Amino acid sequence: MVKVEETEEDKPVSDTQREMTGEDYFRLAESQARKLYPDLESAWENYNQAAEMGYSRAFSVIGRHYYYGIYMNPSIENALRCYKKAAAHGDPVGIYQLGNFYQEGIGLPRNSKKAKEYFERFLKMAKQEEFRNDPQVMTCVALVYMNGGGVKKDEKKAVQIMRQSAEMGDPLAQHNLAVCLRDGVEVEKSPEQACRWFRKAAEQGRAISQLLLGMCYEDGEGVPKSSDKAVEWYEHAAEQGYPDAQLKLGWYYQKSDFVSSRREAVEWFRKAAERGSAEGQMCLGSCYQLGDGVPQDFDEAFHWIQLAAEQDLQLAQFAMGMCYEIGAGVKADKKEAIKWYQKAVKNPEQIGDLKESAMDALKKLKQKK
């Protein structure tokens, strides 16, 4: 039998041999990002490769990364730029997000008229055949009805659409459905079902779902109470750079009597602080002020507390008043102390007895000569 050799032209072309398209890079990025242990670096590279090749949805996903600070520090400016590119390339998710930015005044002047125009344009596109069964588009449709943007608010319809999208595997829909089940929004409250959907989203790498699932375990809501499982889920979210989860871990380790654990608490507070979390900055400042897990350093404490105070955190504003009153990490200055105590008193987000404490401190300070 004569063996006939194939020419290069005759050989079948495998998926790995053919040149990848923008959609290929996008799907590869999704597979890398949507898992319990996501490869965020590779996903980021492939999302950007897809965008460079003009794949419209990639711009929306990159915008989401900038908005939430996934794999980077948050940037509203860059998020807005990406959503504009997505909209220009015809992606309905990008168009929805621009409507949302106008409605909420995120990076743009609040403009309900423009928001409505974008939402109406989005809803029109969502009815097109190519987008009708797109889970991410369906989730955005649900959010339009949930918030009443461009249409009459209809939470019941929103939850129905959200459930359809969640069952199709969209992690944002799974997360939002979990919230509805937890809070009883147009469905019967079910902590167990809420945890089930939080878990589905969490296993696809959604950091906020991982955080909330951890909180379910911490509180024993819908699942058996378990500190170990709570910490496990907090770690998943924290490793993705989610500041609230990093704070949770910091507080958890700070409760320990072991010096090594308290040092670890400081490092988690530092991660949250460096991501711009006001609470993380305040916690880190307190650690330096008290010498808890780090050598005592009043200058470093003042630096972090000041950053938190400038973000209008009431506790930090009160702490700034104390720093200036007694000269901790900064030269004592009665006028500055009064200024910061007054800010704490006037802060609309009142916490516990801080307002009364700030008022007492003001009264005593003004009585001093």
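**Entry 1. Confidence**

pLDDT is the predictor's confidence in each residue, on a scale from 0 to 100. I noted at the outset that this is a predicted model. I looked up the mean pLDDT of the protein and found 93, with 95% of the residues at 70 or more. I then turned to residues 1-13, where pLDDT stays under 50. For this stretch the model has four contacts beyond four places in sequence. Where pLDDT is low, the predicted coordinates should not be read in detail.

**Entry 2. Helix α2**

I checked the length of helix α2, which runs over residues 40-52.

I next listed the buried residues of α2: L40, A43, W44, N46, Y47, A50 and A51. An α-helix has 3.6 residues a turn, so residues three or four places apart point the same way. I asked what covers the buried residues of α2. The cover includes α1 (22-33) and α3 (56-68). Just after α2, I found G54 with a positive phi of about 85°.

**Entry 3. The largest pocket**

I recorded a volume of about 960 Å³ for the largest pocket. It is lined by 42 residues, and the closest to its centre are R64, Y68, Q97, L172 and R206. The elements that give two or more residues to this lining are α1, α2, α3, α5 (92-104), α7 (135-147), α9 (171-183) and α11 (207-219). Which element gives the most to the lining of the largest pocket? I found that α3 does, with seven residues. By residue class, I noted 20 nonpolar, 14 polar and eight charged residues in the lining of the largest pocket.

**Entry 4. The second largest pocket**

For the second largest pocket I recorded a volume of about 340 Å³. Its lining has 16 residues, of which F26, R27, Y55, R57 and D134 are the closest to the centre. Two or more lining residues come from each of α1, α3 and α7. The largest share of this lining, three residues, belongs to α1. I noted that the lining of the second largest pocket divides into five nonpolar, three polar and eight charged residues.

Most residues other than glycine have a negative phi. I looked up two residues against this background. E186, which is not a glycine, has a positive phi near 60°. I located E186 in the loop between α9 and α10 (191-202). Its relative accessible area is 46%, so E186 is partly exposed.

D312 is likewise not a glycine, and its phi is positive at about 70°. I placed D312 in the loop between α16 (298-309) and α17 (314-326). Is D312 buried or exposed? Its relative accessibility is 52%, and exposed means over 50%, so D312 counts as exposed.

**Entry 5. D257**

I looked up where D257 is found, and the position is the loop between α13 (243-254) and α14 (259-274). D257 counts as exposed because its relative accessibility is 75%. I also checked D257 against G285, which is 28 residues away along the chain. The C-alpha atoms of D257 and G285 are separated by 20 Å.

Terms used:
Residues numbered from 1 in each chain as written. Predicted model: local features only at pLDDT ≥ 70, side-chain atom pairs only at ≥ 80, totals over all residues. Heavy atoms only, no water. Helix = DSSP H or I, 4+ residues; strand = E, 2+ residues; numbered from the N terminus. Expected span 1.5 Å × (residues − 1). Buried < 20%, exposed > 50% of the residue type's maximum accessible area, 1.4 Å probe, protein only. Contact = heavy atoms within 4.5 Å. 1 Å grid on protein atoms, 1.4 Å probe; cavity = no way out; pocket = protein on both sides within 12 Å on 5 of 7 lines; lining within 4 Å. Points joined across faces, edges and corners; volume = space filled by probe spheres on them. Nonpolar A, V, L, I, M, F, W, Y, C, P; charged D, E, K, R; others polar.
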